[in-house]
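This briefing concerns a predicted model. The sequence and structure are shown first, followed by notes grouped by topic.

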Amino acid sequence: MSHGINLRAVPYDHPDAVKLNDQVQLEYQERYDGEGDVTFLDPAMFARPNGLYLLAYDAAGAPVASGGWRGQEQNDEGYSDGDAELKRMYVIPEARGLGLARRILAALEEDARAAGRVRMVLETGDQQPEAIALYLSAGYSLSAKFGHYRFHDSSRCMTKPLAPDVA
């Protein structure tokens with residue numbers, strides 16, 4: 001049950017965001033033998049209208065999940081104009097199975113679509129099968145690789161068109 005959970009837009013360098021980011025990096029290091037995600041991220045990348053960073057807080061006011069999107073345009077890392085890149089999707093172990101990742105994902109997709117982005121893109125890895133399963137079930141498909149880890153064997157890239165809402 002995710003009642004009592006509220007989503008709040010925060011800057012990427014908000015202390016609660018930093019705290020969860022430190023936790024996700026530790027998890028990456030465990031799953032990928034010592035390397036966290038070294039993709040450079042600047043708080044400005046998630047500033048509206050070119051991005052959004054969300055934290056989910058539980059009823060006690062503790063941060064339990066995060067996720068953000070940042071705008072990308074065509075470049076030599078394999079992105080296309082109008083892309084919104086999903087970053088830092090993370091749910092603390094104690095809050096998994098409550099549908100929080102799906103809720104954050106839907107909110108980020110809606111926000112990116114409203115900002116005029118045409119495609120959501122993400123990069124995950126083969127040691128995160130539950131993430132891959134979530135994205136497949138949410139309409140993402142595996143794609144050509146892009147981004148910082150595009151030459152890594154363990155990298156898995158996925159995309160989903162963000163069609164405008166048809167009322």
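Strand 5 (residues 119–125) and strand 7 (residues 155–161) run antiparallel and are joined by seven bridges. The model is predicted: local features need pLDDT of at least 70 and side-chain atom pairs count only at pLDDT 80 or more, while totals for chains, interfaces and linings use all residues. Residues are numbered from 1 along each chain as its sequence is written, and side-chain values use heavy atoms, with hydrogens and water left out. Helices (H or I, at least four residues) and strands (E, at least two) are DSSP runs numbered from the N terminus.

**Sheet**

- Glu123 stands opposite Cys157 in strand 7.
- The open sheet has seven strands in the order 1-2-3-4-5-7-6, and its pairing is mixed; two strands pair if DSSP finds at least two bridges between them.
- Strand 1 (6–9) and strand 6 (141–142) are the edge strands, each pairing on one side only.
- Helix 2 (residues 100–114) lies across strands 1, 2, 3, 4, 5 and 7, and runs at about 30° to strand 3. Axes are lines fitted to C-alpha atoms, for helices over the stretch in contact, and angles run from 0 to 180 degrees between N-to-C directions.

**Asp83**

- Asp83 lies in strand 4 and counts as buried because its relative accessibility is 1% (buried means under 20% relative accessible area, with a 1.4 Å probe and protein chains only).
- The side chains of Asp83 and Arg119 are joined by a polar contact of 2.9 Å. Such a contact is a pair of N or O atoms within 3.5 Å; within protein, one must be able to donate a hydrogen and the other to accept it, and residues adjacent in sequence count only if both atoms are side-chain atoms.
- Leaving aside residues up to four places away in sequence, Asp83 touches Arg70, Gly71, Gln72, Arg117, Arg119 and Val121 (contact means heavy atoms within 4.5 Å).

**Helix 1**

- The buried residues of helix 1 include Asp16, Leu20, Val24 and Tyr28.
- Strand 2 (51–57), strand 3 (63–72) and strand 4 (83–91) are among the elements covering the buried residues of helix 1.

**Helix 3**

- In helix 3 (residues 129–137), the buried residues are Ala131, Ile132, Leu134 and Tyr135.
- These residues lie on the same side of helix 3 because they cover an arc of only 160° around the axis, the arc being that of the directions from the helix axis to the C-beta atoms.
- Their cover includes strand 4, helix 2, strand 5 and strand 7.

Technical notes:
Buried means under 20% relative accessible area, exposed over 50%, partly exposed in between (1.4 Å probe, protein chains only).
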